[in-house]
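Subject: Structure handover and notes

Hello,

The structure you asked about is below. My notes on it follow, with the cut-offs given where each term comes up.

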Amino acid sequence: TLGYTESELVGMSALELTVPDHRLEVAQALQRIWNGESVDMFEVPVETRGGETIVVQIRGRAIYKDGNLFETLHIARDVTAQKLAEKNLINNEERFRALIKHGRDHISLHTAKGELLWESPSDHSMLGYAPNHFVGRSLFEIMHPEDIPLTQTMFEYIVQTPGDTREGLFRLRHKDGSWRWVEA
């Protein structure tokens with residue numbers, strides 16, 4: 001992983017491999033291990049022989065023989081790919097949240113019975129109600145009576161057929177009492 005041979009690593013200090021900005025942190029962890037503490041799962045960037053920086057997760061324990069420090073055991077695992085995947089996931093989640101928060105489309109999550117669990121902030125501008133006004137309630141409450149039978153049938157189909165989609169056009173009552181056509 002590091003690009004060194006076994007003979008090159010023997011006698012090399014962990015501090016030599018550690019990225020300079022993190023050497024104090026590693027030195028403190030080593031001191032804790034030498035003092036008899038176990039160090040579980042701390043992460044530190046290290047440099048490979050080729051100059052690449054990778055992130056390793058380290059565990060360390062002191063081993064005693066006859067009450068005296070005999071040796072220390074350190075286990076390091078390369079978690080660079082995992083860290084990159086976590087960073088990408090966070091970036092994608094932040095991007096998705098920004099799209100939802102600032103989008104003009106109304107996006108909502110409902111229970112299988114049609115009760116609203118969550119709605120995007122755009123609901124306020126679309127229908128005039130305060131954000132989360134209908135959480136825990138059914139949007140069928142503000143649906144035009146003539147549109148309810150067809151929309152309920154479509155909704156029931158979607159609930160019973162996960163992954164499938166349907167499109168519908170129906171009217172919802174605006175806070176001012178007027179009807180607004182909505183495509184979903």
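**Notes on the model**

Thr-18 lies in the loop between α2 (14-17) and α3; helices (H or I, at least four residues) and strands (E, at least two) are DSSP runs, numbered from the N terminus. Thr-18 counts as buried, at 2% relative accessibility, where buried means under 20% relative accessible area, exposed over 50%, and partly exposed in between (1.4 Å probe, protein chains only). Leaving aside neighbours within four places in sequence, Thr-18 is in contact (heavy atoms within 4.5 Å) with Arg-23, Val-26, Val-44, Pro-45 and Val-46.

On conventions: this is a predicted model, in which local features need pLDDT of at least 70 and side-chain atom pairs count only at pLDDT 80 or more, while totals for chains, interfaces and linings use all residues. Residues are numbered from 1 along each chain as its sequence is written, and side-chain values use heavy atoms, with hydrogens and water left out.

**Sheet and helices**

An open sheet is formed by 3 strands in the order β1-β2-β3, with antiparallel pairing; two strands pair if DSSP finds at least two bridges between them. One side of β1 (39-47) and one side of β3 (68-78) have no neighbour in the sheet, because these strands stand at the edges with a single partner strand each. From one strand to the next, the twist averages 35°. Axes here are lines fitted to C-alpha atoms, for helices over the stretch in contact, and angles run from 0 to 180 degrees between N-to-C directions.

Helix α3 (residues 23-34) packs on this sheet and touches β1, β2 and β3. The direction of α3 makes about 145° with that of β1. Helix α4 (residues 80-102) also lies across β1, β2 and β3, and runs at about 130° to β2.

As to the pairings, β1 and β2 are joined in the antiparallel sense over 7 bridges. Within that pair, Glu-43 has Gln-57 in β2 as its bridge partner. The hairpin of β1 and β2 has 5 residues between the strands, and Gly-51 there takes a positive phi near 90°. Strand β2 (residues 53-65) is joined to β3 by 10 bridges, again antiparallel, and Val-56 stands opposite Asp-78 in β3.

**Nonpolar patch**

Ile-63, Phe-70, Leu-73 and Ile-75 make a nonpolar surface patch of about 360 Å². Patches are made of residues with over 30% relative accessible area and no salt bridge; like charges are joined within 9 Å, and nonpolar side chains (Val, Leu, Ile, Met, Phe, Trp, Tyr) within 5 Å. Accessible areas come from the Shrake-Rupley method with a 1.4 Å probe, and for residues only the protein chains shown count as cover. Strand β3 gives the largest share of the patch, 3 residues. Leu-73 lies in β3 and counts as partly exposed at 44% relative accessibility.

**Salt bridges**

Side chains of opposite charge can pair when their charged atoms come close. The structure holds 10 salt bridges, each defined as a side-chain nitrogen of Lys or Arg within 4 Å of a carboxyl oxygen of Asp or Glu. Among them are these:

- Glu-37 with Arg-32, the closest N and O atoms being 3.4 Å apart. Glu-37 is partly exposed at 39%, and Arg-32 is partly exposed at 36%.
- Glu-93 with Arg-97, at 2.8 Å from N to O. Both lie in helix α4, 4 residues apart, which is about one turn of the helix. Glu-93 is partly exposed at 39%, whereas Arg-97 is exposed at 52%.
- Arg-180 with Asp-176, at 3.9 Å from N to O. Arg-180 is partly exposed at 32%, whereas Asp-176 is exposed at 54%.

**Gly-168**

Gly-168 sits in the loop between α6 (148-160) and β6 (169-173). Its relative accessible area is 13%, so Gly-168 is buried. Apart from neighbours within four places in sequence, Gly-168 is in contact with Met-154, Val-182, Glu-183 and Ala-184.

Regards
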